[in-house]
Amino acid sequence: MAKIDVQKLLSTYDKKDLTIATVCSHSSLQIFNGAKKEGFKTLGISVGEVKKIYDAFPLGKPDEFFIVDKYQDIASSAKELREKNVIVIPHGSFVEYLGAENFLNLALPAFGNRNVLLWESDRKMERQWLEEAGLTMPQEIKNPKKIDRPVIVKYHGAKGGKGFFIAKTYKEFSKRIIKNKKYTIQEFVMGTRYYLHYFYSPIQNNGYQLSKGSLQLLSMDRRDETTIDEVQRLGSIAELEELGIHPTFVVTGNIPIVMRESLLPKVFKMGETVVETSLTLFGGIIGSFCLETVVTEDLEFKVFEISARIVAGTNPYIAGSPYAELIQPDLSTGRRIAQEIKYANKTDKLQYILS
Ligand code: AMP
């Protein structure tokens with residue numbers, strides 16, 4: 001459990017002069033852009049140097065850079081950052097580079113509920129959460145000898161799909177598996193992938209109503225994964241595997257997508273039950289989260305992962321998405337986060353959305 005007393009941290013803050021900060025990577029251009037649109041000062045935490053790339057995008061460039069030698073130094077710089085009234089927006093790279101344990105103990109107010117990290121990073125707990133929420137996950141195959149259909153083998157802690165592989169038989173599995181590495185075997189779900197980007201506000205009632213607060217759907221994307229997504233340019237997977245060429249699942253980008261409208265009720269129901277279950281399990285997920293799904297030919301969703309913060313799949317939508325556009329023109333996830341902080345500050349509710 002995170003031991004940070006956010007109220008205590010905020011007690012020294014000048015609330016009229018808040019700064020939104022994040023690590024310069026991942027979705028930072030979007031986060032800074034959204035924060036600027038909502039009138040916040042912005043600060044980019046960068047390792048080693050000011051990143052020149054931000055000069056190329058003035059509307060996504062933070063007002064100030066905070067340079068650290070290594071990510072772990074963010075924790076030891078917390079006091080200095082608090083003096084700048086910094087609220088940090090965690091994203092995937094922020095948490096990964098700093099390390100989950102360090103992030104849990106980071107003495108800075110952070111957007112969202114840090115306790116979600118424990119439920120999300122442990123595959124067993126994640127499954128418990130999502131299954132209690134009534135979601136269907138890909139079946140797990142405990143014993144590799146029982147592989148009787150295409151499966152995807154996932155190494156624990158592997159980011160961006162690195163090292164994942166497909167096997168259709170135990171023989172194939174044995175050939176490819178790296179000994180001494182922890183792994184999970186899941187059925188390979190046949191269908192089309194949709195990565196659904198939600199926003200849950202525990203303090204505002206301006207969306208799809210939940211028992212407490214409301215839920216919005218801001219966008220969806222499909223990840224572009226090398227080499228699996230274009231491998232067919234060279235030949236069938238089976239053909240290539242015979243030559244010892246195996247597809248990989250490394251994320252390189254994101255493609256915008258919309259879904260047939262008749263599936264949206266299911267999308268909201270899944271978001272709803274995920275939030276409601278999280279309220280019971282650990283006090284609730286807050287803000288942006290993503291369900292990573294495959295839609296089967298029976299139009300059923302199988303959810304293989306949850307990411308409990310802003311994901312890079314929201315980056316195609318810095319100027320809004322086909323869904324966000326129906327909420328407010330020009331609404332990105334980064335901007336929605338800034339709006340939540342602004343509203344909470346105005347109504348004296350920061351402690352309900354920060355941890
Ligand atoms: P993950 O790290 O769990 O997000 O998985 C990386 C990528 O592997 C996903 O973006 C999907 O393309 C693919 N993937 C993961 N799990 C499954 C599954 N059970 N069935 C089919 N594809 C999957």
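This briefing walks through the strands, cores, charged pairs and cysteines of the structure above. Keep in mind that the model is predicted. In short, there is an open four-stranded sheet with parallel pairing, a hairpin made by β12 and β13, and a largest nonpolar core of 46 residues. A search of the whole structure also turns up 26 salt bridges and zero disulfides.

**The parallel sheet**

- Going across this open sheet, the four strands come in the order β3-β2-β1-β4.
- The edges belong to β3 and β4; each has a single partner strand, so one side of each has no neighbour in the sheet.
- On average, neighbouring strands here are turned by 30 degrees against each other, ignoring direction.
- Strand β2 (residues 41-47) runs parallel to β3, and five bridges join the two.
- If you want a spot to look at, V47 has V68 in β3 as its bridge partner.
- Helix α2 (residues 28-37) lies across β1 (19-23) and β2, and runs at about 175 degrees to β1.

- Strand β12 (residues 287-295) pairs with β13 in the antiparallel sense, over six bridges.
- Five residues separate the two strands of the hairpin, and L299 in the turn has a positive phi of about 60 degrees.
- How much of β13 is buried? Seven of its seven residues are, so the rest of the structure largely encloses this strand.

**Nonpolar cores**

- As a general point, nonpolar side chains in soluble globular proteins tend to be buried together.
- In the largest core, with its 46 residues, I74, I341 and I353 touch the most other members.
- Helix α12 gives the most to this core, with four residues.
- What does I341 touch, once residues up to four places away in sequence are set aside? The list is L18, I20, F40, I87, I89, F111, L350 and I353.
- There's also a second, separate core of 34 residues; M137, Y200, I285 and I306 are among them.

**Salt bridges**

- The general idea is simple: side chains of opposite charge can pair when their charged atoms come close.
- E64 pairs with K84, with the closest N and O atoms 2.7 Å apart.
- That pair links distant parts of the chain, 20 residues apart: E64 is in strand β3 (residues 64-68), and K84 is in the loop between α4 (78-83) and β4 (86-88).
- Both ends are partly exposed, E64 at 33% relative accessibility and K84 at 26%.
- R309 and E120 meet in a salt bridge at 2.9 Å, N to O.
- R309 is in the loop between β13 (301-307) and α12 (333-346), and E120 is in helix α7 (residues 116-121), so this pair ties together parts that are 189 residues apart in sequence.
- Buried or exposed? R309 is buried, with a relative accessible area of 12%, and E120 is buried too, at 11%.
- R127 and E140 form another salt bridge, at 3.1 Å from N to O.
- This pair ties together parts 13 residues apart in sequence, because R127 lies in helix α8 (residues 123-132) and E140 in the loop between α8 and β5 (151-155).
- Here R127 is buried at 14%, whereas E140 is partly exposed at 30%.
- Salt bridges with shared partners also join R193, R223, E225, D229 and E292 into one network.

**Cysteines and a loop glycine**

- With zero disulfides found, it's worth checking where the cysteines sit: C24 is buried at 7% relative accessibility, and C290 is buried at 1%.
- G244 sits in the loop between α10 (237-242) and β11 (249-256), and is partly exposed at 48% relative accessibility.
- From G244 to T293 is 49 residues in sequence and 29 Å in space, C-alpha to C-alpha.

Methods. Residues are numbered from 1 along each chain as its sequence is written. This is a predicted model: local features need pLDDT of at least 70, side-chain atom pairs count only at pLDDT 80 or more; totals for chains, interfaces and linings use all residues. Side-chain values use heavy atoms; hydrogens and water are left out. A disulfide is a pair of cysteine sulfur atoms within 2.5 Å. Buried means under 20% relative accessible area, exposed over 50%, partly exposed in between (1.4 Å probe, protein chains only). A salt bridge is a side-chain nitrogen of Lys or Arg within 4 Å of a carboxyl oxygen of Asp or Glu. Two strands pair if DSSP finds at least two bridges between them. Axes are lines fitted to C-alpha atoms, for helices over the stretch in contact, and angles run from 0 to 180 degrees between N-to-C directions. Contact means heavy atoms within 4.5 Å. A nonpolar core is a set of buried Ala, Val, Leu, Ile, Met, Phe, Trp, Tyr and Cys residues joined through side-chain atoms within 4.5 Å.
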